[in-house]
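Take a moment to look over the sequence and the fold. Then read on with both in view.

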Amino acid sequence: MTSPEIASLSWGQMKVKGCSATYKDCKVWPGGSRTWDWRETGTNHSPGVQPADLEEVVKKGVKTVVIGRGMSEALQVPASTVDYLKKNGIDVLVLQTEKAVEEYNALAAQGVKVGGVFHSTC
């Protein structure tokens, strides 16, 4: 199963190839994607992305996770979240969202089992 390409990104909107939905924030993994609803885990810009935000993606057997911090990088990623991924043997890239999408798509095109969480506004 391959990771789906992120087809487009603009402020507040993301589209994933093969999916009719338009996302504001999204999670992607080999074979799927869905809305990333911060309310599920109580996530806010600070302290930022929590391990709970990534559990679903990790369970899909990814080797790499790309985290998009937003267009202006307002979304924080605490060291504990990076440590969580590394302890699970997963490589992690934390980038501004446009760069994160580029990296994610490049890895997906190479056939890497890559997942990601992406914030498409601030």
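Predicted model: local features only at pLDDT ≥ 70, side-chain atom pairs only at ≥ 80, totals over all residues.

Residues are numbered from 1 along each chain as its sequence is written, and side-chain values use heavy atoms, with hydrogens and water left out.

Start with the strands. Helices (H or I, at least four residues) and strands (E, at least two) are DSSP runs, numbered from the N terminus. Two strands pair if DSSP finds at least two bridges between them. Strand 1 and strand 2 run antiparallel, joined by four bridges. Here S8 faces K15 of strand 2. The two strands make a hairpin with two residues between them. In that turn, G12 has a positive phi of about 80 degrees.

Now follow strand 2 onward. Strand 3 covers residues 22-23, and two bridges join it to strand 2 in an antiparallel arrangement. K15 turns up again, this time opposite T22 of strand 3. Strands 2 and 3 also form a hairpin, with five residues between them. G18 sits in this turn, with a positive phi of about 85 degrees.

In a regular strand the side chains alternate between the two faces of the sheet. Look at strand 2: M14 and V16 are on its covered face, while Q13 and K15 are on its uncovered one.

Next, compare two residues. Buried means under 20% relative accessible area, exposed over 50%, and partly exposed in between (1.4 Å probe, protein chains only). W11 lies in the loop between strand 1 (6-10) and strand 2 (13-16). Is W11 buried or exposed? W11 is exposed, because its relative accessible area is 53%. Contact means heavy atoms within 4.5 Å. Beyond its neighbours within four places in sequence, W11 touches M71, S120, T121 and C122.

T64 belongs to strand 6 (residues 64-68). Its relative accessibility is 8%, so T64 counts as buried. Leaving aside neighbours within four places in sequence, its contacts include I90, D91, L107 and V112.

Finally, turn to the cysteines. A disulfide is a pair of cysteine sulfur atoms within 2.5 Å. How many disulfides does the structure hold? The count is zero. C19 is partly exposed, at 23% relative accessibility. For C122, the closest cysteine sulfur is also in C26, but it is 15 Å away, too far for a bond. C122 is partly exposed, at 27%.
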